[in-house]
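Subject: Structure for you to look at

Dear colleague,

I am passing on the structure we spoke about, with some notes on what came out of going through it. Please have it open beside you as you read.

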Amino acid sequence: MERAAKKESVEQLHEVFKTTGVAVVAHYSGLTVAQMQKLRMQMKQAGASVKVAKNRLAKIALEGTDVVAIGPLLKGPTVIATSKDPVAAPKVALEFAKTNEQFVILGGSMGKTVLNVDGVKALASLPSLDELRGKIVGLIVAPATKLAQLANAPAAKLARVIQAHASKGEAA
């Protein structure tokens with residue numbers, strides 16, 4: 001790799017690290033190309049991305065970013081999964097690790113907070129941002145629905161009473 005290409009690679013990685021909410025580092029030695037493509041596809045669907053870069057260049061790119069703490073984890077054949085959503089990358093990485101023994105999660109970083117393997121697992125168990133938004137909207141809409149039901153209930157009861165009284169009059 002020539003010097004200009006290395007510099008461009010470092011700049012691209014630096015931008016990714018600057019804008020990411022969470023980064024997960026894992027060893028991927030022994031994975032096939034098809035398995036890596038599957039991982040990339042799953043990450044993309046979740047709104048995350050996967051980068052394989054030379055560890056030395058990645059460490060240079062980490063300088064001046066919030067996720068600089070993952071530097072010591074970059075040893076051996078590593079892959080870095082990043083996402084703006086703090087749950088997306090850890091969730092996909094953990095699911096992928098369950099089905100692929102060669103994919104070993106080493107740790108990660110959420111902002112300036114360093115995460116060990118248990119921290120990554122804890123993040124993965126949280127609901128995603130979209131799930132939380134859905135729950136909040138459901139909670140906000142629920143009282144309005146109840147109010148509408150309560151407002152319509154007296155009129156419906158009155159209509160039933162009148163109908164019962166009318167049918168009683170017809171029967172007599």
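Which residues does Thr82 touch, not counting residues up to four places away in sequence? Before I answer, please keep in mind that this is a predicted model. With those neighbours set aside, Thr82 touches Val16, Phe17, Thr20, Val22, Ala23, Ala48, Ser49 and Ala89. Thr82 sits in strand β3, which covers residues 78–83, and it counts as buried because its relative accessibility is 4%, where the limit for that class is under 20%.

Thr78 belongs to strand β3 as well, and with a relative accessible area of 3% this residue is also buried. Leaving aside neighbours within four places in sequence, Thr78 is in contact with Val25, Ala26, His27, Tyr28, Val52, Asn55, Leu73 and Leu106.

In the loop between α3 and β3 you will find Asp66, which is partly exposed at 42% relative accessibility. Once its neighbours within four places in sequence are left aside, Asp66 is in contact with Ser109, Gly111 and Lys112. The C-alpha atoms of Asp66 and Met110 are separated by 8.1 Å, although these residues are 44 apart along the chain.

Turning to charges, how many salt bridges does the structure hold? There are two. In one of them, Glu15 pairs with Lys18, and the closest N and O atoms are 3.6 Å apart. Both of these residues lie in helix α1, three residues apart, which is about one turn of the helix; Glu15 is partly exposed, at a relative accessible area of 43%, and Lys18 is likewise partly exposed, at 48%.

The other salt bridge joins Lys98 to Glu95, with 3.4 Å between the closest N and O atoms. Lys98 and Glu95 are separated by about one helical turn because they are three residues apart in helix α4, which runs over residues 88–99. Lys98 is exposed, with a relative accessible area of 60%, whereas Glu95 counts as partly exposed at 45%. As a general point, side chains of opposite charge can pair when their charged atoms come close.

The surface also carries a patch of positive charge, in which Arg3, Lys6, Lys54, Arg56, Lys59 and Lys75 gather. The elements that give two or more residues to this positive patch are α1 (3–19) and α3 (55–62). Arg56, one of the patch residues, lies in helix α3 and is exposed, with a relative accessible area of 66%.

Finally, there is a nonpolar patch on the surface, formed by Ile136, Val137, Ile140 and Val141, which together have about 370 Å² of accessible area. Within this group, Val137 is found in helix α6, residues 129–171, and is partly exposed, with a relative accessible area of 49%.

Notes: Residues are numbered from 1 along each chain as its sequence is written. This is a predicted model: local features need pLDDT of at least 70, side-chain atom pairs count only at pLDDT 80 or more; totals for chains, interfaces and linings use all residues. Side-chain values use heavy atoms; hydrogens and water are left out. Patches are made of residues with over 30% relative accessible area and no salt bridge: like charges are joined within 9 Å, nonpolar side chains (Val, Leu, Ile, Met, Phe, Trp, Tyr) within 5 Å. Accessible areas come from the Shrake-Rupley method with a 1.4 Å probe; for residues, only the protein chains shown count as cover. A salt bridge is a side-chain nitrogen of Lys or Arg within 4 Å of a carboxyl oxygen of Asp or Glu. Lys and Arg count as positive and Asp and Glu as negative; His and the chain ends are not counted. The place of a charge is taken as NZ of Lys, CZ of Arg, CG of Asp or CD of Glu. Helices (H or I, at least four residues) and strands (E, at least two) are DSSP runs, numbered from the N terminus. Buried means under 20% relative accessible area, exposed over 50%, partly exposed in between (1.4 Å probe, protein chains only). Contact means heavy atoms within 4.5 Å.
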